[in-house]
Amino acid sequence: MFPFIFDWVSDASHFVFMGTLYAVMGLLVIALHYCGIRAFFDWLCKKGQHEH
């Protein structure tokens, strides 16, 4: 299924499927990183508010 495997067939359906797969996986990675960074900054902000 991957281009570096010898069973790869260079036709449109493989390119569409793999392009869609990589696009969705990329969006998931970006969304999870965004959520993690936001959670970290929220944690930092709340940590600073409770200390008097």
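Predicted model: local features only at pLDDT ≥ 70, side-chain atom pairs only at ≥ 80, totals over all residues.
Local features were taken at pLDDT of at least 70 and side-chain atom pairs at pLDDT 80 or more, whereas totals for chains, interfaces and linings use all residues. Residues are numbered from 1 along each chain, and side-chain values rest on heavy atoms, with hydrogens and water left out.

Of its 52 residues, 4% are buried (under 20% relative accessible area, with exposed over 50% and partly exposed in between, for a 1.4 Å probe and protein chains only). Carbon and sulfur atoms contribute 75% of an accessible surface of about 4900 Å² (Shrake-Rupley method, 1.4 Å probe).

Helix α1 spans residues 12-50 and includes phenylalanine 41, which is partly exposed at 47% relative accessibility. Together with Ile37, Phe40, Trp43 and Leu44, Phe41 forms a nonpolar surface patch of about 520 Å² accessible area. Such patches join nonpolar side chains within 5 Å, from residues with over 30% relative accessible area and no salt bridge (a Lys or Arg side-chain nitrogen within 4 Å of an Asp or Glu carboxyl oxygen).

Two aromatic pairs were found (ring centres within 6.5 Å; planes under 30 degrees apart are stacked, over 60 edge-to-face and the rest tilted). One of them is the tilted pair of phenylalanine 40 and tryptophan 43, at 6.0 Å centre to centre and 35 degrees between the planes. These two residues are about one helical turn apart because they lie three residues from each other in helix α1. Phenylalanine 40 is partly exposed, at 44% relative accessibility. Phe40, Phe41 and Trp43 make up one aromatic cluster.

Conventions: Patch = residues over 30% accessible without salt bridge, like charges linked within 9 Å, V, L, I, M, F, W, Y side chains within 5 Å. Helix = DSSP H or I, 4+ residues; strand = E, 2+ residues; numbered from the N terminus.
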